[in-house]
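Here is a short report on one protein chain. Look at the fold first, then at the side chains.

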Amino acid sequence: RADFCQLAMYAGSVNYDLDTDKANTWPSFKNETPFGVLPVLVHGDLELTQGGAVNRYCAKLGGIYPDDPVEAAKVDMIH
């Protein structure tokens with residue numbers, strides 16, 4: 001599930017760390033996550049979950065998400 005986010009971060013030359021340990025030991029840390037689900041993105045103090053929200057956030061960080069609301073809606077439509 002992290003593939004799109006990794007690509008978006010790579011496209012924008014944004015450094016990141018992929019924590020596969022937690023994903024590989026699921027559900028041992030399920031109670032520590034928002035809504036108790038994967039994926040979870042941790043960026044500074046932000047802990048974000050739900051694939052669509054994570055992908056949009058990564059696309060914005062990577063500079064590949066449109067600023068125009070109409071174009072952004074079109075991107076969201078095919079997400």
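Which residues of helix H3 (residues 51-61) are buried? The buried residues in H3 are Gly52, Val54, Asn55, Cys58 and Ala59. They span an arc of only 165 degrees around the axis, so they sit on the same side of H3. An α-helix has 3.6 residues a turn, so residues three or four places apart point the same way. This is a predicted model.

**What H3 packs against**

The buried residues of H3 pack against helix H1 (3-11). They also pack against strand S1 (40-43) and strand S2 (46-49). Just after H3, glycine 63 takes a positive phi of about 75 degrees.

Asparagine 55 is found in helix H3. Is asparagine 55 buried or exposed? Its relative accessibility is 13%, so asparagine 55 counts as buried, the cut-off being under 20%. Leaving aside neighbours within four places in sequence, asparagine 55 is in contact with Phe4, Cys5 and His79.

**The aromatic pair**

A pair of aromatic rings is described by the distance of the centres and the angle of the planes. How many aromatic pairs does the count come to? The count comes to one aromatic pair. The ring centres of tryptophan 26 and phenylalanine 29 lie 5.1 Å apart, with the planes at 80 degrees, so the pair is edge-to-face.

| Residue | Relative accessibility | Class |
|---|---|---|
| Tryptophan 26 | 28% | partly exposed |
| Phenylalanine 29 | 9% | buried |
| Asparagine 55 | 13% | buried |

**The whole chain**

The protein chain has four helices and two strands. From the N terminus on, the elements run α-α-β-β-α-α. The C-alpha atoms fill a box of roughly 40 × 25 × 20 Å, taken along the principal axes.

What share of the 79 residues is buried? Buried residues make up 23% of the 79 residues in the protein chain. Take the contacts between residues at least 6 apart in sequence: 33% of these join residues at least 24 apart.

The protein chain exposes about 5800 Å². Carbon and sulfur atoms supply 53% of that area. As for charge, the protein chain has 6 positive and 11 negative side chains. The centres of the two sets lie 8 Å apart.

Note on methods. Residues are numbered from 1 along each chain as its sequence is written. This is a predicted model: local features need pLDDT of at least 70, side-chain atom pairs count only at pLDDT 80 or more; totals for chains, interfaces and linings use all residues. Side-chain values use heavy atoms; hydrogens and water are left out. Rings of Phe, Tyr and Trp (its six-membered ring) pair if their centres lie within 6.5 Å; planes under 30 degrees apart count as stacked, over 60 as edge-to-face and the rest as tilted. Buried means under 20% relative accessible area, exposed over 50%, partly exposed in between (1.4 Å probe, protein chains only). Contact means heavy atoms within 4.5 Å. Accessible areas come from the Shrake-Rupley method with a 1.4 Å probe; for residues, only the protein chains shown count as cover. Lys and Arg count as positive and Asp and Glu as negative; His and the chain ends are not counted. The place of a charge is taken as NZ of Lys, CZ of Arg, CG of Asp or CD of Glu. The arc is that of the directions from the helix axis to the C-beta atoms.
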